[in-house]
Amino acid sequence: MFAIFLTQDYAPFAVAFVVMLGIGLIEAVGLGFGHLDLHADVDAHADLGGDADAGGGVLDWLGLGDGLPILIWLTSLLGCFTLAGIAVQQVATAALGAPLHWGLACGAALAIGGVANAFVAKGLARIMPGYESTVIDAEDLLMRRGTVLEGAARRGHPARAKVVDQHGQAHYVMVEPHEDADIVAQGETALLVRKVGPTFFVVPDADSALRPI
């Protein structure tokens with residue numbers, strides 16, 4: 001049975017299956033170490049603006065509009081593609097006496113698997129509600145405190161800082177003082193008051209009693 005996966009007509013589906021297992025392993029390891037914070041998430045979500053509404057219909061149809069992580073969505077798609085490809089080749093063998101050319105089989109499997117994955121992805125999104133609340137707009141970080149992690153933030157010389165959002169998720173952003181004369185040293189906290197491009201401008205906590213523990 002497994003010997004057929006080594007033939008040319010089944011090779012694309014064997015490769016897709018191996019890639020699916022690899023991505024699944026990566027995702028499992030990532031969950032073991034906790035959610036990995038992607039620095040671009042905040043800015044990318046904010047910069048989409050009105051374009052997100054225009055592409056929302058396509059994303060919803062693909063199953064990506066429900067907040068499902070891309071790695072899980074891709075793993076699901078590869079699984080659907082693999083199963084659809086095997087089914088197509090088995091049906092073709094039973095009806096025609098031989099499997100289809102791998103190119104034709106891939107096209108049919110991609111169409112069938114894509115439609116199937118739209119439903120599978122929506123089902124996965126419903127049973128994984130924890131992912132739905134972690135994507136935020138960059139503006140949601142305003143009026144929250146961040147801690148400078150490296151160097152000192154000076155006007156014109158931003159430093160990397162850690163900010164925790166309302167869901168307890170850590171975000172790493174670049175900050176610089178709102179006022180020219182202010183300096184926020186490493187380990188100090190400051191209030192994010194505005195954002196220009198990828199940089200947040202902050203007001204340092206003058207009173208140490210106001211700094212979060």
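**Close-up views of the predicted model**

**View 1. Pairing of strands β1 and β3.** Three bridges link strand β1 (residues 145-148) to β3, and the two strands pair in the antiparallel sense. Within this predicted model, Thr147 has Lys162 of β3 as its bridge partner.

**View 2. The two faces of strand β3.** In a regular strand the side chains alternate between the two faces of the sheet.

**View 3. The hairpin of strands β3 and β4.** Strand β4 (residues 170-177) runs antiparallel to β3 and is joined to β3 by six bridges, and Ala159 stands opposite Val175 of β4. Five residues lie between the two strands of this hairpin, in which Gly168 takes a positive phi near 85°.

**View 4. A nonpolar surface patch that includes Val18.** Phe17, Val18 and Leu21 make a nonpolar surface patch of about 290 Å², and Val18 itself lies in helix α1 (residues 11-33). Val18 counts as exposed because its relative accessibility is 56%, and the cut-off for exposed is over 50%.

**View 5. The protein chain as the setting of the close-ups.** The protein chain has five helices and seven strands, which run from the N terminus in the order α-α-α-α-α-β-β-β-β-β-β-β. Of its 213 residues, 33% are buried, and carbon and sulfur atoms account for 67% of an accessible surface of about 12200 Å². Among contacts between residues at least 6 apart in sequence, 63% join residues at least 24 apart.

Methods:
Residues are numbered from 1 along each chain as its sequence is written. This is a predicted model: local features need pLDDT of at least 70, side-chain atom pairs count only at pLDDT 80 or more; totals for chains, interfaces and linings use all residues. Side-chain values use heavy atoms; hydrogens and water are left out. Two strands pair if DSSP finds at least two bridges between them. Helices (H or I, at least four residues) and strands (E, at least two) are DSSP runs, numbered from the N terminus. Patches are made of residues with over 30% relative accessible area and no salt bridge: like charges are joined within 9 Å, nonpolar side chains (Val, Leu, Ile, Met, Phe, Trp, Tyr) within 5 Å. Accessible areas come from the Shrake-Rupley method with a 1.4 Å probe; for residues, only the protein chains shown count as cover. A salt bridge is a side-chain nitrogen of Lys or Arg within 4 Å of a carboxyl oxygen of Asp or Glu. Buried means under 20% relative accessible area, exposed over 50%, partly exposed in between (1.4 Å probe, protein chains only). Contact means heavy atoms within 4.5 Å.
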